[in-house]
Amino acid sequence: MKLLVTNKYRDDEIEKLEDLGYEVIYMKESNAILNDEIKDTEVLVGYNPFKTLDISKLANLKLIQLSSVGIDQIPKDIVIKNNILVCNNKGNYSIPMAEYIVMYILNVYKNTKQMYENQSKNKWELNTHLEELTYKKILFIGTGTIAKNAADRLKPFGAYIYGINTDGRDIEGFDKCISIDNIDSELKECDVVVLTLPSTKETVGMIDDEKLKNMKNGSVIINVGRGNIINEHDLINNISKFKGVCLDVFEHEPLNKESKLWDFENVTITPHNSWISNQNRHRTFKTIHENLNNYINKKRLKNIVDIQKGY
């Protein structure tokens, strides 16, 4: 069975895939193109070879295993038409992203930005307005693996952890979960709002002027999900009400140098960096190896994506 990989793996990792029974072909992702060697590929592993590789010409392609969690890069119409299974890398970036969320929250309440600026100026200035996380109400919009890992790390601080999901179902690690239908009442009460949502037709632009105005004055908003969940124009118009705005993702990336978001003292901008970790490669290969083993042995696959839902 032919397996096309467009991410670079070590020789020992390639051998592990070959030991499963695959004929492994490596093609650099940035210039992956159709040729006779790969035309009968059944399984494709990579992040985004779709810019140059027309998968509609891979008549035998049955499975795409992504090294990413997001699926925006795949040609969904071809995948649906050809009934191709897609699996993603769900869960493998959750730990570093959870740590990032904790970092963001602590940075706001401990005002580390000001302290770093003072240090750069050799300025000794006591800050008497720092806050604890104890008793803070932290609301996660989206209760998937990122939110659950973050909740586990925030609970020991003595914070109250709430979650918003589609039906209000209970999720382990959350003090309370609420249906998306009741989001407005929760936004009014929570000190921190964390967005961990995928980009779907239901979530794009969800955090708009109305939602932002509804949030508690002096609260913190964090987005590590997808940039288009927040209407950036509306956010800029409401920016002064927030104690902190922490953004790792944006409607258009990289963020335009002319964006007003760069200019606000209460805004922290990071360049879609929250998923990065020295452990990612190990976790990702482990998931890919397990799924390819399941596929070739006709066992249940992990992380099958619902293309219509977008996650």
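This is a predicted model: local features need pLDDT of at least 70, side-chain atom pairs count only at pLDDT 80 or more; totals for chains, interfaces and linings use all residues.
Helices and strands here are DSSP runs (H or I over at least four residues for helices, E over at least two for strands), numbered from the N terminus. Residues are numbered from 1 along each chain as its sequence is written, and side-chain values use heavy atoms, with hydrogens and water left out.

Back to asparagine 60: at 34% relative accessibility it counts as partly exposed, a label for values between buried (under 20% relative accessible area) and exposed (over 50%), using a 1.4 Å probe and protein chains only. Setting aside neighbours within four places in sequence, asparagine 60 is in contact (heavy atoms within 4.5 Å) with Asp40, Thr41 and Glu42. Its C-alpha atom is 38 Å from that of lysine 148, which is 88 residues away along the chain.

Now for the annotations. UniProt positions are in the numbering used here, feature names are shortened, and annotations may be inferred rather than shown by experiment. The unreviewed UniProt entry gives residues 4-305 as "domain: D-isomer specific 2-hydroxyacid dehydrogenase catalytic"; that span is 28% helix and 16% strand, and its end C-alpha atoms lie 20 Å apart. The unreviewed entry also lists residues 102-273 as "domain: D-isomer specific 2-hydroxyacid dehydrogenase NAD-binding". Here the span is 26% helix and 17% strand, with 14 Å between the end C-alpha atoms.

Next, the inside. A nonpolar core is a set of buried Ala, Val, Leu, Ile, Met, Phe, Trp, Tyr and Cys residues joined through side-chain atoms within 4.5 Å. The largest one has 29 residues, and Ile105, Ile138, Phe140 and Ile222 touch the most other members. Two or more residues each come from α3 (94-109), β6 (137-141), α5 (145-154), β9 (192-195) and β10 (220-223), and α3 supplies the largest share, with nine. Apart from this core lies another, of 28 residues, including Tyr162, Ile164, Met215 and Ile239. Take a look at isoleucine 138: beyond residues up to four places away in sequence, it touches Ile105, Leu154, Ala159, Tyr160, Ile161, Tyr162, Val192 and Val194. As for α5, its buried residues include Ile146, Ala147, Asn149, Ala150, Ala151 and Leu154, and among the elements covering them are α3, β6 and β7 (160-165).

On to the second largest pocket. On a 1 Å grid over the protein atoms alone, a pocket is an open set of points with protein on both sides within 12 Å along at least five of seven lines, and lining residues have an atom within 4 Å of a point. This one holds about 430 Å³ of space, where grid points are joined across faces, edges and corners and the volume is the space filled by probe spheres set on the points. Its lining has 18 residues, with Asn111, Lys113, Gln114, Glu265 and Asn266 nearest the centre. α4 gives the most to that lining, five residues.

Most residues other than glycine have a negative phi, and most peptide bonds are trans. Asparagine 111, in the loop between α3 and α4, has a positive phi near 50°. Asparagine 303, in the segment after α9 (280-296), has a positive phi near 60°. The peptide bond from glutamate 253 to proline 254 is cis, with omega near -5°, and proline 254 lies in the loop between β11 and β12.

Definitions and conventions. On a 1 Å grid over the protein atoms alone, a cavity is a set of points where a 1.4 Å probe fits but cannot get out, and a pocket is an open set with protein on both sides within 12 Å along at least five of seven lines; lining residues have an atom within 4 Å of a point.
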